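The following briefing is organised by topic for a reader who has the sequence and the coordinates at hand. Please consult both while reading.

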Amino acid sequence: MSLDLHTAAPPGEGGDPHRRARDARRRRASLSRLDLKFSPYLYVLPFFVIFAVFSAYPIGYTVWIALTDRSPMNATISFVGLDNFVELLTEDPQFWNAVGNTFGMFVLSTVPQLMLALLLANALNRKLRAQTFFRMAIAMPIITSTAVVALIFSMIYAKEFGLANWLLDLVGIDPIDWRANRLASWFAISTMVDWRWIGYNALIYLAAMQSISKDMYEAASLDGASRRRQFWSITIPQLRPTIIFTLIVSTIGGLQLFTEPLMFTSGAGGISGGSEGQFQTITMYLLDVMNTRFRWGYAGAVALVLFLLIALMSLVNYLFARRISSDK
Amino acid sequence: MTTTTLRPPARPARKQPRESHKADRLWKATPLTWLGLVLGVLLSLFPFYWMIVIASRTNDAANSWPPPFLPGGKLGENIQRVLENGDANIVKGLMNSFLVSGTITVATVFFGSLAGFAFAKLRFRGKNAMLLVILASMMVPIQLGVLPLYILMAELDWLNTMPSVTVPFLIGGFGIFMMRQYAEQAVPNELIEAARVDGCSTWRVYWHVVVPALRPAAAVLGLLTFMEQWNQFFWPFVVLADPANPTVQISLRSLNTAYFADNSQIFAGTLIATLPLFVVFVLFGRQIIGGIMEGAVKS
């Protein structure tokens, strides 16, 4: 770069060596000013180029497309105003079914996930031999992809010969058709999510627990507080920001749930989420509208409503988490 | 306290007060603690074990009652069958996944450290506003723009090709934030000043001062990025509809949609798809866990 600028220097002023040296100095100084001024922008530029082309532009386009009836089947595109949103919110039971499923599985997976992670972290926070082993072992599930998790658990929840039904059989319970029943399918899918994420969340909680001053616990135990009491009165309130963080991450992830329910059905037709859509999530419905029915304008509306739901739920969870831990 | 990889060496180690016997007892693990931990470990590891059990059985044995609990001798055969499966194209999938994840990892570490350095150590107008945009970008799910992004890929003629799953993810907000946070603590201002006085350009400061200091964090960012990209499913599912040119996760999807569910073959496939990350985890598990514990991982 600097080479270009040097060779581009005006010719014809040669001759006087002092003058030439002074010019070179001046040029270097102005180069260095340019460097200081523009380098930072150059360094952050790659992100903004990628962001503009592959995030901002598509998002803006989604807003526009949602106001049209665009479809690869339509020769012309017409502006339909808010029709897509009106239809989606007032006359589309399948969308509401997907919303119900997504929220159902979100609650069914997130609540036990975070609670078990807290308990696990609390156990790991004790003085233990083989800390590293325990941490590695509980973190291991994060190396599996959602596709792998879905395939393994799909077999565990097989109607015949499945491990889950075998366990039920051991305690004398009749086998369950995990895909046919709405609640059973929600439970099965939630366990897939939880298996992958409990250890991860436990490690985050553990990191936060280790930064709580041990003096607080010592003082509490001198006052006769039991361990359980200490957990609820010291650990949980101190963990508030971390709990909020994990709740929001789980909300963003949970409401986008896709791979596990998709691959819970083997064979074709996974996108409909069961024979009656009993585990079709919003993201599955979005792709259903986009790729099966080719209603692109309508799909834009689905995407926007999904995003608003995620934003809204993140806010609700934030407020909720602030409430529960400040009550203590 | 365990030393975590992400803590910059510049920061002095936290002093641990000497603990009394009373305090020792306070932190002792009870039998209940052990029970919970052992149960947690067993549940975490069992699906991995079971993956091997089913992948090493014949399909008939895999689908028998009671279910098999010990590995059989058919692992090689099943792996061979899945590698040769013409619908899954898993060999192609593996190569594509290595290519895509590798490219994104290198790009993320490079662009992330460059931008992270700029945000941590350089002055420029609009810095805070830009940081806010980056933060906001991390909150937006890909679903929001999925349809226009798909149309864009079609217009670029990138459908069913690897650029469609690579280029949009070359650099994300997470990498920049992580590097910025680390650079703030690990790169001493005096060192940058000294290099400037010596006449170093900004690029040379980055290359000779910042890069060496960022190396530990860059390694963790690279590991986390590779893992995340290797496991990517939703977007590849949308743009790689043609099973002839899949990533490895899309190969698994092809196994899943096959008319006849051959479980021992499917499980051999999951084993192959997980193996590279298993190796990564065995080699670098401590760094990865350190990264997670520094709050460094997003979903």
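**Structural briefing**

Phe46(B) lies in helix α2 of chain B, where helices (H or I, at least four residues) and strands (E, at least two) are DSSP runs numbered from the N terminus. This is a predicted model, in which local features need pLDDT of at least 70 and side-chain atom pairs count only at pLDDT 80 or more, whereas totals for chains, interfaces and linings use all residues. Residues are numbered from 1 along each chain as its sequence is written, while chains are lettered from A and ligands numbered from 1 in the order in which they are written.

- Phe46(B) counts as partly exposed because it has 15 C-beta neighbours inside 10 Å; a residue is buried if 20 or more other C-beta atoms lie within 10 Å of its own, exposed if 12 or fewer, and partly exposed in between, with C-beta atoms placed from the backbone.
- Between Phe46(B) and Gly36(B), 10 residues apart in sequence, the C-alpha to C-alpha distance is 15 Å.

**Confidence**

- Chain A has a mean pLDDT of 89, and 94% of its residues reach 70 or more; pLDDT is the predictor's confidence in each residue, from 0 to 100.
- Within chain A, confidence is highest in helix α4 (residues 93-124), at a mean of 96, and lowest in helix α1 (residues 2-7), at 42.
- Over residues 1-14 of chain A, pLDDT stays under 50, and the model has 6 contacts beyond four places in sequence for them; two residues are in contact if their C-beta atoms, placed from the backbone, lie within 7 Å.
- Where pLDDT is low, the predicted coordinates should not be read in detail.

**Overall form of chain A**

- Chain A contains 14 helices and 0 strands.
- Chain A is more spread out than a compact globule, because its radius of gyration is 29 Å, well over the 20 Å that the globule rule gives for 328 residues; the radius is taken over C-alpha atoms, and the rule is 2.2 Å times the number of residues to the power 0.38.
- Along the principal axes, the C-alpha atoms of chain A fill a box of roughly 105 × 75 × 40 Å.
- The domain assignment divides chain A into domain 1 (2-51) and domain 2 (83-327), with bounds that come from an automatic or database domain assignment.
- The centres of domain 1 and domain 2 of chain A, taken over C-alpha atoms, are separated by 55 Å.
- Of the contacts in chain A between residues at least 6 apart in sequence, 70% join residues at least 24 apart.

**Interior and nonpolar core**

- Buried residues account for 41% of the 328 residues in chain A.
- The largest nonpolar core has 158 residues, and those with the most contacts inside it are Ala202(A), Leu203(A), Tyr205(A), Leu286(A) and Val302(A); such a core is a set of buried Ala, Val, Leu, Ile, Met, Phe, Trp, Tyr and Cys residues joined through C-beta atoms within 7 Å.
- Helix α8 (residues 182-210) of chain A supplies the largest share of this core, 17 residues.
- Domain 1 (2-51) and domain 2 (83-327) of chain A each contribute at least three residues to this core.
- Not counting residues up to four places away in sequence, Tyr205(A) touches Ala117(A), Leu118(A), Ala121(A), Leu239(A) and Thr242(A).
- Helix α6 (residues 146-156) of chain A is largely enclosed by the rest of the structure, because 11 of its 11 residues are buried.
- The buried residues of α6(A) pack against α7 (163-170), α8 and α12 (259-264) of chain A, and also against α2 (31-55), α13 (248-257) and α14 of chain B.

**Interface between the chains**

- The contact draws 79 residues from chain A and 80 residues from chain B.
- On the side of chain B that touches chain A, the largest share, 13 residues, comes from helix α14 (residues 263-293) of chain B.
- That side of chain B comprises 53 nonpolar, 22 polar and 5 charged residues; Ala, Val, Leu, Ile, Met, Phe, Trp, Tyr, Cys and Pro count as nonpolar, Asp, Glu, Lys and Arg as charged, and the others, Gly among them, as polar.

**Backbone geometry**

- Most residues other than glycine have a negative phi, and most peptide bonds are trans.
- Trp65(B) and Pro66(B) are joined by a cis peptide bond with omega of about -5°, and Pro66(B) lies in the loop between α3 (59-62) and α4 (75-83) of chain B.
- Ala130(A), although not a glycine, has a positive phi of about 60°.
- Ala130(A) lies in the loop between α4 and α5 (131-139) of chain A and is exposed, with 11 other C-beta atoms within 10 Å.
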